[in-house]
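Subject: Model for your files

Hello,

Here is the structure we spoke about. My notes follow below it.

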Amino acid sequence: MAEPLFSVRGLKVALPDMTRKPLIGRAPLAEILKGLDFDLPKGSVTGIVGESGSGKSTLGRALVRLLEPSAGSISFERLDITHLPEAELRPLRRDLQMIFQDPMSSLNPRRTIASIIAAPLKQNGLGDNLRDRVAEALQRVGLPQSFAGRYRHELSGGGGGGGAPKFVLADEIVSGLDVSTQAQILTLLEKLAEEMGLTVAFISHDLSVIRRLCRQVIVMREGRIVEASATDALFENPRQTYTRDLIAAIPLPEIDDGWLDIPSAAKAPT
């Protein structure tokens, strides 16, 4: 097992429960994550799966410290970042990146793709040779140079980044995409992870996507980890009933017998 990039112990996160907020005063806290223990090995792609409300997105945001834990600890490369103030987190931001699901809501509609890519490069002290860096970023994600001058509404989906982070959080990035586009995005992410040595946490409710991409899987339910193992082992021998139910829910195509047979009329003459 590779050295962990993240080590998480006893992680709890509590957030305001707005459904119980009184007319006057603060909303009471609801515990979303309830004591999680796991490691994310360096260079691995780990799937985090569970039904809606399982806490998987909250976990992802806690890892990159968009949320602060209420208990437990998060270590990144042996550095305790659990309660690190933003000023001390800022130098780590280039290494802790997120891929957003919806570019329509996460990209500025008034800025070109080149300026969007360039902004985090400049913020992270990588402003030299910006034109070349933007061109390299576009090339990495398989986009032509002409895309540099386009705006968000001229893109069909997906995303890319210009830096070289150590960790990428991908939260439901292929949800709602057609199967062909899903395959392109997954293939691209797999390629980038291998070429750049990325550690990736891939959050999804779809185990078929997790099986395609990830080396190991964390299964969550109601804020707890119910099962965690290598992907092959999880699918071949799930230990928990909940995991078996999730796997059983994967839609499989109905294939007719002999679907590979070519009708005689369509066969080429010999």
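This is a predicted model: local features need pLDDT of at least 70, side-chain atom pairs count only at pLDDT 80 or more; totals for chains, interfaces and linings use all residues.

**Strands and sheet**

Strand E1 is joined to strand E4 (residues 71–76) by five bridges, and the two run antiparallel. Strands here are DSSP runs (E, at least two residues) and helices likewise (H or I, at least four), numbered from the N terminus; two strands count as paired if DSSP finds at least two bridges between them.

Residues are numbered from 1 along each chain as its sequence is written, and side-chain values use heavy atoms, leaving out hydrogens and water.

An open sheet of mixed pairing has six strands in the order E6-E7-E8-E3-E9-E10. E6 (96–99) and E10 (224–230) are at the edges with a single partner strand each, so one side of each has no neighbour in the sheet. E6 pairs with E7 (residues 167–171) in the parallel sense over four bridges, and Gln97 has Val168 as its bridge partner.

**Confidence**

The predictor's confidence in each residue, pLDDT (0 to 100), has a chain mean of 80, with 69% of residues at 70 or more. Helix H3 (residues 103–106) is lowest at a mean of 49, and E4 is highest at 97.

Regards
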